[in-house]
Amino acid sequence: MARTREALLLLLDVSPSMHSVLPDVEKLCSRLIQKKLIYGKNHEVGVILFGTEETENELTKEVGGYEHVKVLQDIKVVDGHLVQSLKHLPQGTCAGDYMLIKKYGETYKGKKHLCLITDALCPLKDPDVGTKEDQVSTIARQMVAFGLRMKNIVVRASLSGEPHMRVIIENDNLLNIFSKKSSAKTLFVDSTTSLRGARKTRDISPVTIFRGDLELSEKMKIKVWVYKKTGEEKFPTLKKYSDKAPSTDKFATHEVKVDYEYKSVEDPSKVVPPEQRIKGYRYGPQVVPISSAEWEAVKFKPEKSVKLLGFTDASNILRHYYMKDVNLFIAEPGNSRATVAVSALARAMKEMNKVAIVRCVWRQGQQSVVVGVLTPNVSEKINIPDSFYFNVLPFAEDVREFQFPSFSKFPVSWQPNEQQQEAADNLVKMLDLAPSGKGEILQPELTPNPALERFYHHLELKSEHQDAAPPPLDDSLKKITEPDPTLLAESQSAIDAFCGQFVIKENPKLKKSTRRFLREKPSGSDEPNGDGSVSDAQAVNSMESKPVVTVDKIGDLTPIQDFEAMMSRRDCPDWVDKAIEDMKNKIFGLLENSNEGINYPKAVELLVALRKGCILEQEPKQFNDVLEKVCKICRKRNFSTFFDFLMSKKLSLISKSEAVDSDITDDEAGSFIVKSQPKHED
């Protein structure tokens with residue numbers, strides 16, 4: 001029971017220098033209590049304010065002093081009243097002394113936490129005995145003795161006036177003593193957005209997912225513990241609620257139970273009992289039944305273990321290979337030999353720029369086996385041992401291959417010039433979230449999830465008023481979801497220069513399968529282009545207004561649309577070759593079965609679409625081979641009319657200026673049709 005109990009004491013600075021950030025302090029603290037009402041309704045919270053005009057605390061009555069310190073709430077179980085109290089913090093008029101710790105009883109067995117939120121700009125009073133450093137050291141020792149953990153959040157968002165640097169340095173040094181001599185952590189924030197994310201509103205106790213040996217070989221093993229380093233914070237699970245119970249029934253659970261019945265297809269009135277049901281898996285047109293006993297026999301049940309497979313250069317493991325959450329490997333606590341072994345291995349890997357590939361089965365009887373990479377995490381602090389970060393790597397079935405042509409293979413006219421590239425470089429530099437000499441903006445560990453923040457705010461409003469509308473995002477959270485107006489204003493010159501280098505056109509909304517093939521004119525259009533070139537835009541997607549349908553072959557009704565849909569598929573790298581092959585067969589079929597040239601216009605339209613697709617996918621040789629074969633057939637059979645259609649479309653080979661992989665020059669492409677055309681006999 002003590003494991004789940006937790007008491008938190010909030011020490012809030014409300015002195016005049018904190019007035020500008022008090023609204024965000026109120027939101028942070030009230031959201032913290034709201035989370036505890038959901039996830040830790042038995043947790044206890046107390047609130048102490050310092051810098052207030054009035055004085056109200058036990059130490060003042062007992063020993064005197066400690067003026068301008070007010071106990072807003074003694075430590076007790078969280079409730080909705082505390083949420084409302086934290087939404088309206090009084091604005092203090094004096095500098096307060098936050099060295100006040102006498103709220104936890106000696107018999108309290110749960111976890112004990114302190115959270116100090118201040119800007120540390122006010123000087124502290126000198127103690128009657130000893131120095132300030134001595135007093136802080138004494139408090140730190142008491143914190144260790146009582147098992148207290150402390151987090152100090154120092155707000156330096158906006159400094160009013162020019163505070164004396166001596167006071168800032170002195171207070172920072174005192175806070176540093178807490179960090180060195182107790183389980184305290186000091187965090188400096190420079191914006192209201194960082195302040196909102198500085199105190200985790202939900203503390204999750206670390207739980208090991210593995211305790212055992214890291215097997216380097218059969219004879220060499222290191223005792224390690226594995227924790228989750230990151231995990232996605234999800235929305236609370238919604239539960240079904242029944243309002244059928246009488247309102248006067250105090251013991252009603254309002255639970256909703258769901259039962260399922262399985263009925264026979266042949267006789268819908270007959271219920272099939274569990275012993276007559278069996279699961280099945282589709283295998284082609286049939287369903288293969290597999291009993292639970294067979295399924296248990298098929299299951300792969302490896303032994304619990306973490307085994308080293310080998311080492312590789314860190315450059316071989318790309319960042320986009322990482323899957324799922326990140327885990328942390330540490331040496332078994334209290335095991336000095338394991339600590340030394342982990343540290344030696346991590347430092348050797350760091351020095352050699354290596355990573356380790358390991359095979360992991362976290363639990364006995366676990367079906368899934370993961371292969372991942374261990375990256376050394378060499379600590380810079382003396383009191384924190386070295387460790388490893390673990391990321392799951394994909395198997396072959398997990399990798400998604402996407403075929404994108406190299407940007408360098410496109411024609412020079414499609415690539416940015418030096419001025420455009422320079423404008424883009426300047427834009428990236430101006431919008432850098434981590435400029436030199438300044439702190440990084442939107443650090444992950446200090447950036448709250450705006451969707452979750454808005455959800456919990458809405459949940460609180462709904463608890464008070466059932467018809468409450470979803471609230472808008474406040475200004476602090478808008479800085480996460482929208483560009484910072486100040487940053488945009490400072491970068492306006494770079495933005496204008498970038499826009500001036502490119503022609504801005506409206507981008508219409510497209511279907512996913514039609515995005516890359518949409519052009520200005522439909523496929524096979526007889527309207528000339530701006531420069532009279534087929535390569536600019538004649539083969540176009542005409543499926544813009546049609547629903548997305550998976551196409552796996554070219555039909556007779558809409559061959560061009562089918563071809564474009566197959567070319568746009570990215571679920572397998574073979575679709576491009578299959579689409580080109582099907583289009584070739586369709587073109588040759590039209591020529592073979594053309595009665596008095598009736599199929600010539602259709603064949604030319606297909607050639608136009610094939611040419612455009614081969615340019616986009618950088619497959620010039622395949623189209624050029626098709627066109628040469630078509631012309632050879634036409635010369636052999638004296639299809640002069642077909643050449644007239646080709647000339648009208650100015651259809652020729654794909655040249656090197658259109659696709660860098662082509663071996664055809666512009667002159668050769670321009671004279672190809674003339675040379676291939678059969679001579680008319682007089």
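This is a predicted model: local features need pLDDT of at least 70, side-chain atom pairs count only at pLDDT 80 or more; totals for chains, interfaces and linings use all residues.
Let's start with helix 1, which covers residues 22-39. The helix is 18 residues long and spans 26 Å from its first C-alpha to its last, close to the 26 Å you'd expect at 1.5 Å a residue. Most of helix 1 is covered, with 13 of its 18 residues buried.

There's also a nonpolar patch on the surface, made of Leu 37, Ile 38, Tyr 39 and Leu 459. Helix 1 is the top contributor to the patch, giving 3 residues. Leu 37 sits in helix 1, and because its relative accessibility is 35%, Leu 37 counts as partly exposed.

Now for the inside. The largest nonpolar core has 43 residues, and the members touching the most others are Phe 563, Leu 607, Leu 610 and Phe 642.

| Element | Residues |
|---|---|
| Helix 14 | 559-568 |
| Helix 15 | 575-592 |
| Helix 16 | 600-616 |
| Helix 17 | 620-637 |
| Helix 18 | 640-649 |

Helix 16 supplies the largest share, with 10 residues. What does Phe 563 touch, leaving out residues up to four places away in sequence? Its contacts are Ile 554, Ala 579, Ile 580, Met 583, Ala 609, Leu 610 and Gly 613.

As background, nonpolar side chains tend to be buried together in soluble globular proteins.

Methods
Residues are numbered from 1 along each chain as its sequence is written. Side-chain values use heavy atoms; hydrogens and water are left out. Patches are made of residues with over 30% relative accessible area and no salt bridge: like charges are joined within 9 Å, nonpolar side chains (Val, Leu, Ile, Met, Phe, Trp, Tyr) within 5 Å. Accessible areas come from the Shrake-Rupley method with a 1.4 Å probe; for residues, only the protein chains shown count as cover. A salt bridge is a side-chain nitrogen of Lys or Arg within 4 Å of a carboxyl oxygen of Asp or Glu. Helices (H or I, at least four residues) and strands (E, at least two) are DSSP runs, numbered from the N terminus. Buried means under 20% relative accessible area, exposed over 50%, partly exposed in between (1.4 Å probe, protein chains only). A nonpolar core is a set of buried Ala, Val, Leu, Ile, Met, Phe, Trp, Tyr and Cys residues joined through side-chain atoms within 4.5 Å. Contact means heavy atoms within 4.5 Å. The expected span of a helix is 1.5 Å times one less than its number of residues.
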